[in-house]
Amino acid sequence: MLEWINKNESVVVPKELLDVFNQLTLKHATVPVKLLVTYRPYSREGTGEYLFWDPRFMEEGSKPVGKVRWEYNYQTRTDTNFNYVVFSPRIQNQKYGAWNNDYHTISSINAKKAIKAAMEFIRPFSYVEIVEESQPKVERAHREWIDENSSVAYNFNLNHEQTYAEIKSLVNQGVVFTTTTFKKAAAKLAEYEEWQERKKVTGLACIYVEGEKYVEIRGTKETIFNSVKELASDTQSKMAMLKIMDINILLPEVGYRIDNKTFWVYG
């Protein structure tokens, strides 16, 4: 459904926009996700003349999914020359380059075309789209954790002369290391082995909490659980640990909490 929120109730919403929103409301009635519509009128600086109205669709608590404008045409500057502009990150308008501001828009003077474009492109985000923005942050924290002691590897950069001297020593029953490099490497064996073990830790999955529902996201696969008890016991334990941690801190081999709804866990 669509929920209308008028941010400026002193301004009458243009009929052209109301017609579009009334039809969108009916079409969205079968969609079980509430989309909020906020309304923002713009005026030409120094005058009271409204140039375009900027309603925005967004899911509650998330980034905007798009907007529909009834916009004044600045090029012709005629009073009757307004058109609909539908914006959505999902639109890739090949008339423009990807760097152009209009790349994510479709324009039309026809309300039916605007409604069709809005229904196709302005829709609730999938769970994958909701959490994908946080994935690079978690993966970066994971890499930093792996590499925070990666300099230990320099202790194992051995040249052939040192290797020969050590092997020669062992052949001659000299188990005691004879080069400073080998002695230093021997002292760092435990750290090196621990660093190698960190590199084996893989498999981050996201658990997105929506009310009583828990959505497990692995890659592009979504699995919905109706309660936390349906999650794997290991996942439950890791989420419990993350809940008592501050946000945006990696707990090694456990996971990373973005907020109270988004948990990334190892395993």
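User: What relative accessible area does Glu197 have?

Analyst: This is a predicted model; its residues are numbered from 1 along each chain as the sequence is written, and side-chain values use heavy atoms, with hydrogens and water left out. Local features need pLDDT of at least 70 and side-chain atom pairs count only at pLDDT 80 or more, while totals for chains, interfaces and linings use all residues. A residue is buried under 20% relative accessible area, exposed over 50% and partly exposed in between (1.4 Å probe, protein chains only). Glu197 counts as partly exposed, its relative accessible area being 45%.

User: With which residue does Glu197 form a salt bridge?

Analyst: A salt bridge needs a side-chain nitrogen of Lys or Arg within 4 Å of a carboxyl oxygen of Asp or Glu. For Glu197 the closest N and O atoms of its bridge are 3.0 Å apart.

User: How many salt bridges does a search of the whole structure find?

Analyst: One of them joins Glu210, partly exposed at 34%, to Lys213, partly exposed at 26%, with N and O 3.6 Å apart. Salt bridges also link Glu148, Glu194 and Arg198 in a network. Over the whole structure the number found is 8.

User: Is Glu216 buried or exposed?

Analyst: Glu216 forms a salt bridge with Arg218, and the closest N and O atoms are 3.5 Å apart. Arg218 is partly exposed, at a relative accessible area of 36%. Glu216 has a relative accessible area of 14% and is therefore buried.

User: Which residue takes a positive phi in the hairpin of β10 and β11?

Analyst: The hairpin has 2 residues between the strands. The one with a positive phi, near 65 degrees, is Gly219.

User: How many residues apart in sequence are the parts that Tyr127 and Tyr208 tie together?

Analyst: Rings of Phe, Tyr and Trp (its six-membered ring) pair if their centres lie within 6.5 Å; planes under 30 degrees apart are stacked, over 60 edge-to-face, and the rest tilted. Tyr127 and Tyr208 make a tilted pair, 5.8 Å centre to centre with 50 degrees between the planes. Tyr127 is in helix α3 (residues 127-132) and Tyr208 in strand β9 (residues 204-210), so the pair ties together parts whose separation in sequence is 81 residues.

User: The charged end of which residue sits over the ring of Trp195?

Analyst: A charge sits over a ring if NZ of Lys or CZ of Arg is within 6 Å of the ring centre and within 35 degrees of the ring normal. Trp195 also belongs to a cluster in which ring pairs link it with Phe156 and Tyr192. The charged end lies 4.7 Å from the centre of the Trp195 ring and belongs to Lys199.

User: Within what arc do the buried residues of α1 fall?

Analyst: The expected span of a helix is 1.5 Å times one less than its number of residues; for the 13 residues of α1 (residues 15-27) this gives 18 Å, in agreement with end C-alpha atoms 18 Å apart. Leu17, Val20, Phe21 and Leu24 are buried. The arc is taken over the directions from the helix axis to the C-beta atoms. Seen down the axis, these buried residues line one face of α1, because they fall within 95 degrees.

User: Which exposed residues does the face of α1 turned away from its buried side carry?

Analyst: The buried residues of α1 line one face of the helix. The face turned away from them carries the exposed residues Lys15 and Leu26.

User: Within what arc do the buried residues of α4 fall?

Analyst: Helix α4 (residues 135-147) has Val138, Ala141, His142, Trp145 and Ile146 as its buried residues. Seen down the axis, they line one face of the helix, because their arc is within 140 degrees.

Definitions and conventions
Helix = DSSP H or I, 4+ residues; strand = E, 2+ residues; numbered from the N terminus. Pairing = 2+ DSSP bridges.
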